[in-house]
Amino acid sequence: MRWKHEAKRIAMGSENRAPVTVVGLGSMGSALANAFLEKGHPTTVWNRSPEKAEALVAKGAVSAATVAEAIAASKLVVVCVLDYRAMREIVDSLGDAPAGRVIVNLTSGTPEEARQTAAWAAERGVGYLDGAIMATPPMIGSEHALIFYGGPKAVYDEHASALASIAGAGTYLGEDAGLPSLYDVALLGMMWTTWSGFMHSLALVGSEKVKAESFLPFAQLWFEHVVAPEIPKIAEQVDRGTYPDGGSALGMQAVAVEHLVDATRAQNVDVALPEFLLDRAERAIKQGHAGDGFAAIYEVLRKPQS
């Protein structure tokens, strides 16, 4: 009888909840639909492979037979598919855009793709928000799940309450539909380069048979007490465009990076990462930043040589 109580709870909660359609039922799309259901939204779903909707239907979702039927069911349509091209093909297959619909596109892509798709939607009279999901499927629906949104403020404000059902930490970045994707790739880039730097360190100590587990406590302390505290300082320096040396000028640090390159090569470890770093430090020095702090490398990264 438990399922009957659950169905009753969803039905009661649905009375004041906006209907939502979710198009695309991969692992993330299914998590989005499930979160809407759990928060009491009448939820219609559609996927090219209908069997992916079965588990959601068992929880109270309505499986639309066609994408046209799915989009007609709700004013708010959340799309999470392979890429922007697939999203546009799905919507274009409808012919004339359904009146009064708002598409929230949570498909991964580039800022330029997001802006082009926003213009494409505007030409068709479709309300449009672009979003970037900064969470894994199990996090969707929690207060900690973060989704960035960009697009018309009025459109976001109208649907912010419904969108809070899938991401309690959802954040509106502004009218530019490209900003969510930009934040997305920037944060992912920070994650991947940080992981790569850590793995390079493990490769170095591992060349002398040091276990990663033995090195880990020192790496964690280094992140906590040396690396992380510098992040706000670097951000402030970048915004000001000045890079005080803090007692350790770039010219001096470049020598230490050169030692890193030499040690990496001597330990027969891939030298590409430290060589990249040394090259950028040397470029910044040539631009006159030898007496500045390490953050002066930003000047090279933001405007690479042609």
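Predicted model: local features only at pLDDT ≥ 70, side-chain atom pairs only at ≥ 80, totals over all residues.
**View 1. The chain as a whole, with its 13 helices and eight strands.** The radius of gyration of the chain is 25 Å, well over the 19 Å that the globule rule gives for 306 residues, so the chain is more spread out than a compact globule. Taken along the principal axes, the box filled by its C-alpha atoms is roughly 65 × 45 × 30 Å. Of the 306 residues, 37% count as buried, and among contacts between residues at least 6 apart in sequence, 62% join residues at least 24 apart.

**View 2. The packing of helix α5 (residues 84–92) with helix α6 (residues 111–123).** Two packed helices are described by the angle between their axes and the distance between the axes. For α5 and α6 the angle is about 10° and the axes lie 11 Å apart. Because angles under 35 degrees count as roughly parallel, α5 is described as roughly parallel to α6.

**View 3. The residues through which α5 and α6 meet.** From α5 come Y84, M87, R88, V91 and D92, which meet E113, A114, Q116, T117 and W120 of α6. By residue class, the contact of α5 with α6 is made up of five nonpolar, two polar and three charged residues.

**View 4. Helix α8, covering residues 179–206.** At 1.5 Å a residue, the 28 residues of α8 should span 40 Å, and this agrees with its end C-alpha atoms, which are 40 Å apart. The buried residues of α8 are P180, S181 and D184, together with H200 and V205.

Conventions
Residues numbered from 1 in each chain as written. Heavy atoms only, no water. Axes fitted to C-alpha atoms, helices over the stretch in contact; angles between N-to-C directions. Helix = DSSP H or I, 4+ residues; strand = E, 2+ residues; numbered from the N terminus. Parallel < 35°, antiparallel > 145°, perpendicular 65-115°, else oblique. Contact = heavy atoms within 4.5 Å. Nonpolar A, V, L, I, M, F, W, Y, C, P; charged D, E, K, R; others polar. Expected span 1.5 Å × (residues − 1). Buried < 20%, exposed > 50% of the residue type's maximum accessible area, 1.4 Å probe, protein only. Rg over C-alpha atoms; globule rule 2.2 N^0.38 Å.
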